[in-house]
Structure formats: C-alpha cells, structure tokens
Number of protein chains: 2
Amino acid sequence: MRPATKVLALSGGVGGAKLALGLSRRLCAGELAVLVNTGDDFTHLGLRICPDLDTVLYTLAGVVHPGQGWGRADESFGFMDELRRQGGPDWFLLGDRDLVLHVERTRRLAEGERLTQIMSDLATRFGVATRLLPMSDTPVSTLLDTDAGALEFQHYFVRLRAMPKVQRLHYAGAAHARPTDEVLDLLRSPALEAIILCPSNPYLSIDPILAVPGLRMALRAARVPVVAVSPLIGERAIKGPTTKIMQELGVDRRAAAIARHYTQLIDGLIIDEFDDLPETRAVLAAYGLRWSATRTLMRTLEDRERVASAALDLARLLRAESTLRWSVG
Amino acid sequence: MRPATKVLALSGGVGGAKLALGLSRRLCAGELAVLVNTGDDFTHLGLRICPDLDTVLYTLAGVVHPGQGWGRADESFGFMDELRRQGGPDWFLLGDRDLVLHVERTRRLAEGERLTQIMSDLATRFGVATRLLPMSDTPVSTLLDTDAGALEFQHYFVRLRAMPKVQRLHYAGAAHARPTDEVLDLLRSPALEAIILCPSNPYLSIDPILAVPGLRMALRAARVPVVAVSPLIGERAIKGPTTKIMQELGVDRRAAAIARHYTQLIDGLIIDEFDDLPETRAVLAAYGLRWSATRTLMRTLEDRERVASAALDLARLLRAESTLRWSVG
C-alpha cells in the first residue's frame, strides 16, 4: 500500500519543480503529491506536450538537465536536426528521449485514457514515488492577450521569448474543467497536513490551477495550512517573466504583492531574507499571515531542501496553532 | 511544369527501391513514378508508419542506410534507447531522424489530408524528382494467416522475423480501397510508355497493389508494355522471405513461377542469367512472354542501373513490336 499523502504542493515548471524536489527529500517516500499546472500544455506537431508535468517528472526522477532546469540531462537532438532540415517548426525544442513521453501520452490520450492515469504510470516508470497530479484531465489553455495579439502560452513564452507586453490573461476551457477525483479525494483525506504553493509564477502557473472550478474551494475546505513560497526576491523573480508580467499588469512587484494576490487562500508566506523588512512585515501582518524568511534562490540541492524545510516548518507551526485554536474555540 | 511521367514502377521496400533508383538514373528527372505498396503500413506507438514508401523515399533521396537498405545512413537512436529503458515495445526500430516522417505524416493524416499529398510533399522536401504514389489513400493491411495465428505484416516480418509458417495471405480493407486519381490519371496518360514490376515479393509487395479494385484492370488498359523483374535467382530470393513463403504456399520456386504468378498482367520478364536455361525459356515462351537475362543481384549502383536498363530495353522492344502489330492489325 502506498503511504498516505501528507503534503500537496501546487507547482508550475522549473522553479516549482525545484521546491517539489526539496519537499520530496524532506518527506518520506509517497508523502508528497504535486498538483501541476496544465495551462501550458499544447499540441505541437500533433503531439500533446505537457511542459510543467514533464519538468516536475524529470526533476523528481533526477534526469532533468541541471543547467536549464527542464528537458533531460542525457539528451540527443537527431529529431530536431532533421525537423529543421526539412523546414519544420524548430522553435520548440524536443529531445529524442523526451519525445518518448510525448508520443506515449498522445497515443494514450487518443485512446481515451485520462492524463492523470498516464502521468501516474509515467511516474512509476521513472521510479518517482511522489504523486504527479494534473490540475485537471480536461484541457485548459492559458491565453495571453498581448500587444502582439492573443497567444497560447508556449508561443508567448518560448517562440516569442516572453517579449510581447501582456495586457490580460485568461484560462480557456477552465469553465468546463473539473478537478479530478484523485485531487478531490486527497483534499478530503484526513492524512493531509499541509498545502504548499511553490514559487512558480502566480499568473502563469498557480492561477490556472485555481481557475479550475471548485479547486480553490476544495483547497480551503481541506482545513490544512496553506503556505506559499514567494517567487520574488526584491523586485526580481527567481525565474522567468514573473515581474515583467506583474509590471505590465500594473501590480506592485514585491513580496507583499504576492500576499495580496493569494489573499483568502494562504495562511503563511515564505519570503526571501532580502525582503524581510519592517514594511513587508507590516503588510503581511495586516493580511493576517504568518511568515518566515530564508534564502529562496535555489541553486543547489541543499537550497531546495532548506526552502522546503522552511515551508514545512511554517505549515507545522500554523497547524499547531490552528489545532490549538480549534480545541479552545 | 513537371515532365510527363513515362515509366511507372510498382514496388515494395528494399529490393524494389533499388531498382527504382536504377530506373530514376536511366530516365530524365520526373519521368519516373513509383507506385508503392502500402499493405505493410501500420500504426505503432500511435504513429502511422509506411515502411515501403519511406524506404523508396530514402533510397531515391540518397539518404538510405547502405548496409541495411532501409532507414537512414545518418541516424541516432536516443528515442529507441529511452523507449526500451521505459519498457516500451522495442521490436520496431525507429531512428530519431526517421521519426520526423512518422510524426509529420500522423499529424497530417489526422487533419484529414491524403497520404498521396503528404508523400508528394515529403518527396519535394527531400529533393526527389521521382513521383512517389501510394497504391491507395485508403488503408489496406496485409494479413498473414500463419501457424502462429493471424499477423499484421510488420509483426510477422519484423517482430517474429518471418519465422511463422504462412498458410494464406489476405489484404484487409482492399475491397473498400480505390486507386487514387493521380494513379488513374497517370495510367490514362498518352505519355506513359512502360510499367515495370520491381523484383519485390509478389505476395507481400506487388499483390497488395494489384488487390486494389480496378488497379489491375487500369494497368492493362494503359496499353503499354508491362515488364516484371524476377525476384528469384534459381530457387533463392534476392531479398527477404519470398521463396520461404512460396514454399509454404506450395508453389514452384523458380523464375517460371513468377511468370505464372503474373500471367495476364505482364508482357515481359527479366530473369537472372542463372535462370537462362532451356526449360525456363520453354515455359516463358508457352506463356507468350518476351524475356531477357541479366545479373539481377543489385549490390552496386551500377548493378541497379544495369537491371533498370534491361527492363527499360525490354519494354521498348515490346512497345516497338506492339506498335508494329497495331499498325498492321
């Protein structure tokens, strides 16, 4: 029997995957589940590609390319070279080994299988004990209205290198999506102890998950502490175009803005030491949030474990407090 | 404007492709079209694979693996290694570069495009002036009833290495297939001068083509000489399991049996020098066939050109004779 899941982490791609790895190493095998954004998924060359799920899978399996944080360390590009030679679209890099996942997933989806089951089987193949849970088995697509027109996420992010100015985001298909039974069961499980929001882009990685109808409410109904790890260090993002988008959307670009963004959802926030300032503390206190500060930049495995510990410790603290509160209330 | 097609060759995979290359070098660019067996096509890992079409394409493009006669010379196997590592089916070898064709074809077929159009575009991409014509845009599947049960061709040929004993062949879907407009137009074209049956396996490569309703009749109605190149040298096949199958089906395994097999269809036969014996001549004469003998084993490019010349010369002779006959008749 697999051990009961104690912690659920919400994650996008590279940055979230790093914390997920840290969490998996600070918990016993099988105690972690990762609820992964599928808003970046798209169909390319007829293949169904799930960048965030695959990044989390490769990271947890220890086969991820250490430099880039996505794709595989041991990879070849014969397919890509040949595609380019034949004049095919070469803006999205597909490694030869990586292709196995896309081909297999596409085949199984075409046969009517659920993405959740497919990813579960792939995790088993890769020897990953952590559960990988897509946010939904229904396709949801993050669309960006930009000054270069409406763009699917990968076209914005990879093809156009996140250069267009973002005016608005929406999550196409979200209204018709539903959480999976696996996720709802997990959120109702008495074994669950904490929910962690990884330091992924709030707009591009976490919001699509929260846009799945019923999921935000189910997260709160779980009655376990929800702790976010801020993706910002000062006004800079740990990874990717987070602050660029925040600026374009006209929101403040500091840890306090993350607190505001996740208000009503989170109980605690991990901020970077750099942001541990009186003004930040005042804002977090005003939101009624517990916080703790650590170095959030995750370069080494030790960094990932340290940030994971900070998030787990804060969740434990919150849990102890709320248990106390419930028992006296 | 592309030059009018003068010669149509019917071909399977490796052996047929070699002659097709010889023919293409003995004709002007664009004068050759190859009508290719698609009975070997199958769906593997969700990808639509057309082994004979791809072998002919790679051979004519000069990128085929010279040793094996199929697949590509410059190839890597990252996908295959990873598929094997993940426990996927590894009996059908798919190179990383080769995969581009399968992915692209699968995508375009799923979008409702015709195989004929897809292969025409691929030929252009590879700089191949010879027209590549699938025998039909409707899937037809060569099935073998064997002592190991009913098998799709690739399972029989590749997975089980042609070891099961063949009892009967049929071409599933052939009844509902139809020749393409491209092939029918070509067979009605006044520019067409000859039809060549490549030394492919009569049962596995040529018969599936002839099983497409209307195609055999359209070949005869073209009123141009039809010349076959025998795939046998004595009782041995140039390539593949031809004689093994002939033995299992209980037919004679000599050039004369090829003449019998193609009776009513061909006007001439190229036989190997080894088979140029009085008894063979007598049988061929009894069938009313013209013949000519050459070394049919095609190891070098010169071999391919020599056999191609023999077939084209015999077709020209037959054409001259029939023109004479028609003018006096």
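This is a predicted model: local features need pLDDT of at least 70, side-chain atom pairs count only at pLDDT 80 or more; totals for chains, interfaces and linings use all residues.
Strand E1 of chain A, residues 7–11, runs parallel to strand E2 of chain A, residues 32–36, and the two are joined over 5 bridges. At one point of this pairing, A:Ser11 stands opposite A:Val36 in E2(A).

Chain A has an open sheet of 7 strands with parallel pairing, and its order reads E5-E2-E1-E9-E10-E13-E14. Strand E5 (131–134) and strand E14 (290–294) of chain A stand at the edges; each has a single partner strand, so one side of each is left without a neighbour in the sheet. From one strand to the next, the twist averages 20 degrees.

Chain A also holds an open sheet of 3 strands, in the order E7-E6-E8, and here the pairing is antiparallel. Its edge strands are strand E7 (149–152) and strand E8 (166–172) of chain A, each of which pairs on one side only. Neighbouring strands of this sheet are turned by 25 degrees against each other on average, direction ignored. Strand E6 of chain A, residues 141–146, pairs with E7(A) in the antiparallel sense over 4 bridges. Within that pairing, A:Asp145 has A:Ala150 in E7(A) as its bridge partner.

| Strand pair (chain A) | Sense | Bridges |
|---|---|---|
| E1 and E2 | parallel | 5 bridges |
| E6 and E7 | antiparallel | 4 bridges |

Now for the two chains together. Chain A is superposed on chain B by a rotation of 180 degrees with 0.0 Å of shift along its axis, and the RMSD is 0.0 Å. The two copies are thus related as by a two-fold rotation axis. In chain A, the C-alpha nearest this axis belongs to A:Asp96, at 3.0 Å from it. Both copies use the same surface, as 100% of the contact residues of chain A recur in chain B.

How many residues does each chain bring to the contact? Chain A gives 22 residues and chain B gives 22 residues. On the side of chain A that touches chain B, helix H3 (78–85) and helix H4 (98–110) each supply at least two residues. H4(A) gives the most to that side, with 7 residues. The residues on this side of chain A divide into 8 nonpolar, 7 polar and 7 charged.

Next comes the interior. The largest nonpolar core has 175 residues, and those touching the most other members are A:Ala9, A:Ile196, A:Ala311, B:Ala9, B:Ile196 and B:Ala311. Leaving out residues up to four places away in sequence, B:Ile196 touches B:Val7, B:Ala9, B:Leu23, B:Val227, B:Val229, B:Ala311 and B:Ala315.

Helix H2 of chain B, residues 51–61, is mostly covered, with 10 of its 11 residues buried. Among the buried ones are B:Pro51, B:Asp52, B:Leu57 and B:Tyr58. Just after H2(B), B:Gly62 takes a positive phi of about 75 degrees.

To finish, consider a residue in a loop. A:Asp74 is found between helix H2 (51–61) and H3 of chain A. Is A:Asp74 buried or exposed? A:Asp74 is exposed, because 11 other C-beta atoms lie within 10 Å, and a residue counts as exposed at 12 or fewer. The C-alpha atoms of A:Asp74 and A:Ile233 are separated by 32 Å, and these residues are 159 residues apart along the chain.

Technical notes. Residues are numbered from 1 along each chain as its sequence is written. Chains are lettered from A and ligands numbered from 1 in the order in which they are written. Two strands pair if DSSP finds at least two bridges between them. Axes are lines fitted to C-alpha atoms, for helices over the stretch in contact, and angles run from 0 to 180 degrees between N-to-C directions. Two residues are in contact if their C-beta atoms, placed from the backbone, lie within 7 Å. Ala, Val, Leu, Ile, Met, Phe, Trp, Tyr, Cys and Pro count as nonpolar, Asp, Glu, Lys and Arg as charged, and the others, Gly among them, as polar. A nonpolar core is a set of buried Ala, Val, Leu, Ile, Met, Phe, Trp, Tyr and Cys residues joined through C-beta atoms within 7 Å. A residue is buried if 20 or more other C-beta atoms lie within 10 Å of its own, exposed if 12 or fewer, and partly exposed in between; C-beta atoms are placed from the backbone. Copies are superposed by least squares on the C-alpha atoms of residues with pLDDT of at least 70 in both.
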